[in-house]
Amino acid sequence: MDGVVVVLGGGLIGLTIAHQLARRGRSVHVLSRSRSEAAGFVAAGMLAPHAEGLAGPLLALGQRSLERIPTWVAEIEADSGLAAGLRPCGIVVPFSSAAERDAYPTAHFGEPLDRPALERQVPGLGPRWRAGLLFRQDGQIDNRRRLMRALERACVALGVVFEEGSEVSELLVCGGRLEGVRRRRIEGSDAVLPCGEAVLTCGAWSAQLLPQLPVRPIKGQMLSLQGPRQALRRVLFGPGTYLVPRDDGLLVVGATSEPEAGFSAGLTPQGQRQLQDGLAALLPEAAHWPPMERWWGFRPGTPDEAPLLGPSPIEGLTLATGHYRNGVLLAAVTADLLLLQEPLEPELERLLAAFRWDRFGTPQADPFSSPSVTARV
């Protein structure tokens, strides 16, 4: 498969990179065990570098992606013919006091709100919240119902080849360079796909393929309710719970953070109770709206909650994983940074360097010591 880029993983990051590569005229082959498991189908879709209080290089990365998102979405919609569900609705962050508000890391990017102003922005807000910040520049996208479907169709329209039901079990390496991948198909057969260029976008499962990557699953549970249209105009980002209103009145409530859960599937009473309690504290009337869906997923967490981007320990294999809770926000800039022609401008070079896979100072593992990486000599 000379000249073909193989994308390992069919989630939001993988599809975004596949789409952008195809737009640049590259041939792309996407391997995916099950795209429905991807975090892009379970996330709430917040675009919130300021509302989430990001700092340092991660804030800079998020801000750059936020600027790129309208153009990125327009490209997806043009190629797919589908609306992607982008809503620049603004995000409100409530606080118990003005002192807490003013100490927030990104407070200077937002508009300060007192209690009366909070009530105008969020009618029915719970009584414990006395101050807030409005980040008009932040917003949301309906990733679960619209963006992922639009991306899939855009990729197909540009000739991207999908191989669904194929789990990559081995990276085949010769002299430190990627030579191919071994994948196991859903019916049980094994086959080798030769390739010299691949992008690892396996999300929470990345370390199963390359164990020296510091990525682990962070389970999150969510639910949705059906409310009246326009009952909540802004995203409401509270401590431990957030409310994301869609334009048809659906309210997405998220999300638990369960690093101890590993890959254990399923809903739990504790997780669902946490969501209900957070909802009742933020918007009491919404606690009585009829429930629609309940689901869970696995975020790819790293020690500093920031992604792993750029070169891997294997030549020819590029990393785009570990986005934790900001995968939707960072998808556009991730594709841009990895696909720009080298050499990068100094500012972009410094930004990309901040997200190297080996930035944590731990000894580098031998990339060929794992059973999922085979070195051929």
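# Briefing on a predicted model

Ala255 sits in the loop between β17 (250-254) and α7 (269-282). A cis peptide bond joins Gly254 to Ala255, with omega at about -25 degrees. The structure is a predicted model. A search of the whole structure turns up 23 salt bridges, while the disulfide count is zero.

**Backbone geometry**

- Most peptide bonds are trans, and most residues other than glycine have a negative phi.
- The bond between Gly254 and Ala255 is cis.
- Glu305 has a positive phi, near 60 degrees, and is not a glycine.
- Glu305 is found in the loop between β18 (291-301) and β19 (308-311).
- With a relative accessible area of 43%, Glu305 is partly exposed.
- Tyr324 also has a positive phi, about 50 degrees, without being a glycine.
- The loop between β20 and α8 holds Tyr324.
- Tyr324 is buried, because its relative accessible area is 11%, under the 20% cut-off.

**Salt bridge between Arg325 and Glu52**

- The side chains of Arg325 and Glu52 form a salt bridge, N to O, at 3.0 Å.
- This pair links distant parts of the chain, 273 residues apart.
- Arg325 is in the loop between β20 (317-321) and α8 (327-339), and Glu52 is in the loop between β3 (46-47) and α2 (56-80).
- Arg325 counts as partly exposed, because its relative accessibility is 31%.
- Glu52 has 14% relative accessibility, so Glu52 counts as buried.

**Salt bridge between Asp336 and Arg68**

- Asp336 and Arg68 form a salt bridge, with their closest N and O atoms 2.7 Å apart.
- The pair connects helix α8, which holds Asp336, with helix α2, which holds Arg68.
- The two residues are 268 residues apart in the chain.
- Asp336 and Arg68 are both buried.
- A network of salt bridges links Arg23, Arg68, Glu75, Asp79 and Asp336.

**Salt bridge between Glu170 and Arg182**

- In the salt bridge of Glu170 with Arg182, the closest N and O atoms are 2.6 Å apart.
- Glu170 lies in strand β10 (residues 166-174) and Arg182 in strand β11 (residues 177-185), 12 residues apart.
- Glu170 is at 16% relative accessibility, so Glu170 counts as buried.
- Arg182 is partly exposed, with a relative accessible area of 24%.

**Strand β2 and its partners**

- Strand β2 (residues 27-32) has five of its six residues buried, so the rest of the structure largely encloses this strand.
- Strand β1 (residues 4-8) and β2 run parallel and are joined by five bridges.
- Val7 is placed opposite Val30 of β2.
- From β1 the chain passes through helix α1 (residues 12-23) to β2, in a right-handed β-α-β crossover.
- Strand β9 (residues 161-164) pairs with β2 over four bridges, in the parallel sense.
- Ser32 has Glu164 in β9 as its bridge partner.
- Side chains in a regular strand alternate between the two faces of the sheet.

**Thr106, a buried loop residue**

- Thr106 lies in the loop between α3 (98-102) and β6 (111-114).
- Thr106 counts as buried, because its relative accessibility is 1%.
- The backbone oxygen of His50 is 2.5 Å from the side chain of Thr106.
- Leaving out residues up to four places away in sequence, Thr106 touches Pro49, His50, Gly53, Leu54, Leu59 and Phe135.

**Cysteines without disulfides**

- The structure has zero disulfides.
- For Cys155, the closest cysteine sulfur is in Cys202, 16 Å away, and therefore too far for a bond.
- Cys202 is in no disulfide either, as the nearest cysteine sulfur, in Cys195, is 12 Å away.
- Cys155 is buried, with a relative accessible area of 0%.
- Cys202 counts as buried at 18% relative accessibility.

Definitions and conventions. Residues are numbered from 1 along each chain as its sequence is written. This is a predicted model: local features need pLDDT of at least 70, side-chain atom pairs count only at pLDDT 80 or more; totals for chains, interfaces and linings use all residues. Side-chain values use heavy atoms; hydrogens and water are left out. A salt bridge is a side-chain nitrogen of Lys or Arg within 4 Å of a carboxyl oxygen of Asp or Glu. Buried means under 20% relative accessible area, exposed over 50%, partly exposed in between (1.4 Å probe, protein chains only). A polar contact is a pair of N or O atoms within 3.5 Å; within protein, one must be able to donate a hydrogen and the other to accept it, and residues adjacent in sequence count only if both atoms are side-chain atoms. Contact means heavy atoms within 4.5 Å. Two strands pair if DSSP finds at least two bridges between them. A crossover is right-handed if, with the strands pointing away from the viewer, the path from the first strand over the helix to the second runs clockwise. A disulfide is a pair of cysteine sulfur atoms within 2.5 Å.
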